[in-house]
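Welcome! Take a look at the sequence and the structure below, and then we will walk through some parts of it together.

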Amino acid sequence: MNQTSSPPTAAPAIVLRAVRKSFGSTVVLDGIDLTVAEREVVALIGPSGSGKSTLVRCVHQLMPIDGGSIHVHGELQGYEQHGGALRALGENAIAAQRQRIGMVFQQFNLFPHMSVLRNVMEGPVQVLGDTPDHARQQAEQLLDRVGLLAKRDAYPRQLSGGQQQRVAIARALAMRPQAMLFDEPTSALDPELVGEVLAVVQDLARQGMTMLIVTHEIAFARDVADRVVFMESGRLVEQGPARQVLSQPTTERLRSFLSRVN
Ligand code: ADP
Ligand code: MG
């Protein structure tokens with residue numbers, strides 16, 4: 001009726017309900033409930049081996065979950081209704097869902113035999129069916145945004161780790177994802193290169209990108225994340241507004257974790 005009123009409440013960007021995942025007899029995700037709202041930035045912290053990478057990999061459907069459910073923008077991931085039951089989606093349908101989320105890994109995984117520009121153009125041309133002209137224009141804009149337009153014709157091996165990671169972010173953004181997942185995007189970098197990558201992520205946050213970021217950079221989480229989630233032994237132990245959780249942790253386990261990493 002009233003066209004100027006706010007749109008109907010959209011589904012949250014990412015919703016995990018009672019997600020379980022085991023490797024053999026090792027329970028790695030032990031009933032995870034987590035919601036990331038549209039335009040929200042959530043930092044996921046926790047000790048090594050607590051299941052952080054597994055969690056984001058499951059959201060990106062790089063591995064199937066054993067129980068619970070994951071919805072992205074209201075759409076159940078990996079399954080469809082079939083009669084009264086759920087049926088696993090085929091590979092193509094899963095690929096289509098995966099494409100709506102960008103993921104950046106600790107290791108940058110650029111295509112070594114392609115120029116920086118080609119790295120960023122390749123997905124849009126091959127997967128989205130963009131014309132090369134359009135893909136090039138978009139790639140140039142994105143490289144400009146991450147401060148690397150001048151390196152468009154360089155090859156990955158000619159770039160620093162920080163530059164390669166910025167290209168990897170541009171490449172993920174080129175697929176026009178609705179949300180981004182980061183798995184310790186700076187932990188493979190020399191300390192002096194961390195800042196330039198975090199600045200790009202911070203810029204994305206300012207522009208309203210929905211993000212779930214695994215990080216051990218506590219100061220970054222405090223400054224950039226809306227919410228911090230602390231994970232240990234496959235469970236979410238504590239979560240809340242970033243500053244509050246990081247400055248006044250309520251659990252002994254988070255207090256002890258923060259005293260070890262700070
Ligand atoms: P984090 O990212 O918090 O360090 P991970 O999600 O990588 O934790 O790992 C959580 C646990 O799951 C660890 O005990 C790890 O050894 C185990 N794990 C992770 N991936 C695999 C796998 N593909 N096969 C077997 N065990 C795995
Ligand atoms: Mg990890």
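## Around the ligand

Helix H1 makes the biggest contribution to the shell around ligand 1, giving three residues. Keep in mind as you read that this is a predicted model. Two elements give two or more residues to this shell: strand E2 (26–36) and helix H1 (52–59).

Which residues surround ligand 1? You can find Phe23, Thr26 and Val28 there, together with Gly46, Ser48, Gly49, Ser50, Gly51, Lys52, Ser53 and Thr54. Sorted by class, the shell has eight polar residues, two nonpolar ones and one charged one.

## An open sheet

Strand E2 turns up again in a sheet. Four strands make up this open sheet, in the order E2-E1-E4-E5, and their pairing is antiparallel. Which strands lie at the edges? They are E2 and strand E5 (75–76), each of which pairs on one side only.

Now follow E2 to its neighbour. Strand E1 (residues 14–23) and E2 run antiparallel and are joined by eight bridges. To see one such pairing, look for Ser22, whose bridge partner in E2 is Val27. As a rule, side chains in a regular strand alternate between the two faces of the sheet.

## A hairpin

How many residues lie between E6 and E7 in their hairpin? There are two, and Gly83 in the turn has a positive phi of about 65 degrees.

Next comes helix H4 (residues 132–145), a run of 14 residues. From its first C-alpha to its last it reaches 20 Å, close to the 20 Å expected at 1.5 Å a residue. After the helix comes Gly147, which has a positive phi near 75 degrees.

Which residues of H4 are buried? They are Ala135, Ala139, Leu142 and Leu143. Seen down the axis of H4, these buried residues fall within an arc of 100 degrees, so they line one face of the helix.

What do the buried residues of H4 pack against? Their partners are helix H3 (116–126) and helix H5 (161–173).

Definitions and conventions: Residues numbered from 1 in each chain as written. Chains lettered and ligands numbered in written order. Predicted model: local features only at pLDDT ≥ 70, side-chain atom pairs only at ≥ 80, totals over all residues. Pairing = 2+ DSSP bridges. Near = placed C-beta within 6 Å. Nonpolar A, V, L, I, M, F, W, Y, C, P; charged D, E, K, R; others polar. Expected span 1.5 Å × (residues − 1). Buried ≥ 20, exposed ≤ 12 C-beta atoms within 10 Å, placed from the backbone. Arc of directions from axis to C-beta. Contact = placed C-beta atoms within 7 Å.
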